[in-house]
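Subject: Structure handover

Hello,

The structure is below, and my notes follow it. Please read them with the coordinates open.

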Amino acid sequence: MPELPEVETVRMGLAPVLEGRRLTKVETRRGGLRVPFPRDFAKRLTGKRVKTLRRRAKYLLAELDNGETLVIHLGMSGRMAVYAEGGVKKLGQYVYDAAPAGAGSGKHDHVVFETDAPARIVFTDPRRFGLMTLVATETLDDDKLFEGLGVEPLSNHFHADYLAAVLEGKKTPIKSALLDQRVIAGIGNIYACEALFRARISPKRLAGKVRAAEIPVLADAIKTVLTEAIAAGGSSLRDYRQADGNLGNFQHRFQVYDREGEPCPSCQGTVKRIVQAGRSTFYCPKCQK
């Protein structure tokens with residue numbers, strides 16, 4: 001499942017063809033994804049202008065000029081592909097290819113957006129675990145999708161004092177605490193492993209047992225690894241691609257994730273894999289205590 005850096009990278013790729021643009025045509029190829037589309041979904045979107053495009057946790061939020069917000073979750077295998085209408089087009093740092101024949105009509109192409117950029121955006125999701133819905137903008141923070149979410153780790157609200165407060169007394173492993181979306185919004189398995197390695201903290205340590213001196217180091221590691229991953233275009237594992245079709249590159253910089261049995265990049269130890277709460281955890285037992 002795409003994590004915060006991948007979703008943020010998709011947002012950045014979509015912004016030039018969505019933010020400030022009008023949706024000239026919207027088509028759905030089925031009745032819904034993991035949940036049905038709202039009533040008159042395509043009709044309510046067509047003709048509306050996207051005022052802003054932002055991210056909250058692992059969701060994309062396109063605020064429309066009619067008081068509603070389009071909420072998008074990529075699920076396990078969802079992808080937003082952008083094509084320039086009329087030929088190759090460069091918008092900002094992104095270059096979008098012209099739409100190939102049949103773009104948007106494939107077996108797993110479920111929603112097609114046309115914008116006045118002009119551009120075509122195709123949402124493809126083979127597993128159909130993605131989500132698209134419409135929520136009244138003024139009630140967005142109270143919606144069941146967002147109610148109770150923790151702070152954004154790249155915001156000014158996330159810092160060592162906040163992290164110390166939310167970890168205090170927790171009896172779950174620190175890795176599980178970092179994955180709890182009520183604690184920090186958007187961190188997933190890959191970046192929790194990588195941040196804990198950089199902070200030299202064992203993923204098995206109880207969250208409440210992380211020492212006071214380690215908290216600022218961990219907070220900084222979380223921000224740094226997420227920032228570096230966004231700059232690298234995210235991590236391409238299995239289905240993920242950026243909005244312009246390019247692969248992410250951060251998977252080539254993993255220090256422990258998916259490196260079971262390989263030498264630790266910081267010591268003479270060996271990267272180990274364990275399972276925590278049904279998820280693979282990668283760490284170095286020698287330098288993560």
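At what angle do the axes of helix α3 (residues 160–167) and helix α6 (residues 215–231) cross? They cross at roughly 110° and come within 9 Å. Axes here are lines fitted to C-alpha atoms, for helices over the stretch in contact, with angles from 0 to 180 degrees between N-to-C directions. Helices are DSSP runs of H or I with at least four residues, strands are runs of E with at least two, and both are numbered from the N terminus.

On conventions: this is a predicted model, in which local features need pLDDT of at least 70 and side-chain atom pairs count only at pLDDT 80 or more, while totals for chains, interfaces and linings use all residues. Residues are numbered from 1 along each chain as its sequence is written, and side-chain values use heavy atoms, with hydrogens and water left out.

**Helix pair**

α3 and α6 are therefore roughly perpendicular to each other (65 to 115 degrees). On the α3 side the contact (heavy atoms within 4.5 Å) is made by Ala160, Leu163, Ala164 and Leu167, and on the α6 side by Ile215, Pro216, Leu218 and Ala219.

**Four-stranded sheet**

Strands in the order β1-β8-β9-β5 form an open sheet with antiparallel pairing; two strands pair if DSSP finds at least two bridges between them. At the edges are β1 (23–28) and β5 (79–84), each of which pairs on one side only. On average, and ignoring direction, neighbouring strands of this sheet are turned by 15° against each other. Within it, β8 (residues 109–115) and β9 (residues 119–124) run antiparallel and are joined by six bridges. Asp109 has Thr124 in β9 as its bridge partner. Helix α1 (residues 4–18) lies across β1, β5, β8 and β9, at about 35° to β5.

Buried means under 20% relative accessible area (1.4 Å probe, protein chains only). Glu68, Leu70 and Ile72 point one way from β4, while Thr69, Val71 and His73 point the other way.

β4 pairs with β3 (residues 59–64) in the antiparallel sense over five bridges, and Ala62 stands opposite Leu70. The hairpin of β3 and β4 has three residues between the strands, and Gly67 takes a positive phi near 90° there. β4 also pairs with β10 (residues 131–136), antiparallel over six bridges. In that pairing Glu68 stands opposite Ala136.

Regards

Methods. Parallel < 35°, antiparallel > 145°, perpendicular 65-115°, else oblique. Buried < 20%, exposed > 50% of the residue type's maximum accessible area, 1.4 Å probe, protein only.
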